[in-house]
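Here is a short report on one protein chain. Please look over the sequence and the structure before reading on.

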Amino acid sequence: MRTATYFFIFLNLSLAMFEEPAVYPLPFLATAVVEVLCLLVFLGRLAHFAAVTLHSVFWKDTKNICIMVAILLSLTDLAIYGVLRVYSVSSIRWSRIVRPIFLINFTESRQIRRAFRSIRNTLPEITYVFLLFMFSLLMFSLMALKLFGERNLQTAEGLPYFRNYLEIVFDLYVLVTTANSPDVMMPAFDFSSWYALFFIAFVIVNTYIFMSLFLAVVYNNYKKHLKVMPGVGNS
């Protein structure tokens, strides 16, 4: 039953590749039949679990409630989408975002649930490092606005260069990933090669120091929560 549950979870998640808009589009009726089949299997698995569990325990388990809500939302969305297609009304399948709930909340997915809980418990502890990184990014963006904003520089496409603060924040955020680095730096470098010092300092502080620190904090906290997970036996 564990193998069957995993198979139908995988099949349900794979429907996104075949539903409009899709990589390999299939007729709506075909994907709808497969989705209904998956939901019936999930409902049957839940009913089987309820049959061998005390009712007081079953209804207090939030995992079971999440699965039932996800099934209800999926069926409701499928019915609404089908009716709208009959009347040629354009709509989207918003219930796709609830499909990972089946992967996380079934009893067979204990290890996945442990990993998810570790990620959830790690997030508050990395908030301070993330806020410090964002403060650095905002300060460098402000300096860039003061350095380049009044020099009427232009990008290679002829667009204004570093004159809007929010656009500067986004461009420097892209620069942290070292993606598209020449396009971000070259207009200032062409104006004066000394401006390269600003970008060198930015990359050293944010890419090499903050990103390494961020990665270390995430890894250490995630490993700590993965080792010390309360109530693993009851997951």
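Which residues does the UniProt annotation "signal peptide" cover? In the unreviewed entry, that annotation covers residues 1–16. The model discussed here is predicted.

## Annotated spans

Start with the span recorded as "signal peptide". Residues 1–16 are 81% helix and 0% strand in the model. The end C-alpha atoms of this span lie 24 Å apart.

The unreviewed UniProt entry also carries the annotation "transmembrane region". The record places it at residues 26–44, 65–84, 126–145, 165–182 and 194–219. Two of these spans can be set beside the model. Residues 26–44 are 89% helix and 0% strand, and their end C-alpha atoms are 26 Å apart. Residues 194–219 are 92% helix and 0% strand. For that span, the distance between the end C-alpha atoms is 37 Å.

## Backbone exceptions

Most residues other than glycine have a negative phi, and most peptide bonds are trans. The model holds exceptions on both counts.

The peptide bond between Glu 20 and Pro 21 is cis, with omega about -10°. Pro 21 sits in the loop that runs between helix 1 (2–14) and helix 2 (28–51).

Ser 88 is not a glycine, yet its phi is positive, about 60°. This serine belongs to the loop between helix 4 (62–86) and helix 5 (100–105). Ser 88 counts as exposed because its relative accessibility is 69%. Phe 162 also has a positive phi, near 55°. Its place is the loop between helix 6 (110–148) and helix 7 (165–176). Phe 162 counts as buried, since its relative accessibility is 4%.

## Salt bridges

How many salt bridges does a search of the whole structure find? The search finds eight.

One of them joins the side chains of Glu 20 and Arg 85, at 3.8 Å from N to O. The pair links distant parts of the chain, 65 residues apart. Glu 20 is in the loop between helix 1 and helix 2, while Arg 85 is in helix 4. Glu 20 is partly exposed, at 48% relative accessibility. Arg 85 is partly exposed too, at 36%. Glu 20 is also a partner in the cis peptide bond with Pro 21.

Which residue forms a salt bridge with Arg 93? The partner is Glu 35, and the closest N and O atoms are 3.1 Å apart.

Arg 99 is buried, with a relative accessible area of 2%. Glu 35 counts as buried because its relative accessibility is 1%. Salt bridges with shared partners join Glu 19, Glu 35, Asp 77, Arg 93, Arg 96 and Arg 99 into one network.

## A nonpolar surface patch

Six named residues make up a nonpolar patch on the surface: Trp 59, Ile 65, Val 69, Leu 73, Ile 92 and Trp 94. Together they have about 580 Å² of accessible area. Helix 4 gives the most to this patch, with three residues.

Trp 94 lies in the loop between helix 4 and helix 5. Its relative accessible area is 39%, so Trp 94 is partly exposed.

## Cysteines without a disulfide

Disulfides are absent: a search of the whole structure finds zero. A disulfide needs the sulfur atoms within 2.5 Å.

Cys 38 is buried, with a relative accessible area of 0%. Cys 66 is partly exposed, with a relative accessible area of 33%.

Methods
Residues numbered from 1 in each chain as written. Predicted model: local features only at pLDDT ≥ 70, side-chain atom pairs only at ≥ 80, totals over all residues. Heavy atoms only, no water. Helix = DSSP H or I, 4+ residues; strand = E, 2+ residues; numbered from the N terminus. Buried < 20%, exposed > 50% of the residue type's maximum accessible area, 1.4 Å probe, protein only. Patch = residues over 30% accessible without salt bridge, like charges linked within 9 Å, V, L, I, M, F, W, Y side chains within 5 Å. Areas by Shrake-Rupley, 256 points an atom, 1.4 Å probe, with all protein chains shown as cover. Salt bridge = Lys/Arg side-chain N within 4 Å of Asp/Glu carboxyl O. UniProt positions renumbered as here; feature names shortened; annotations may be inferred.
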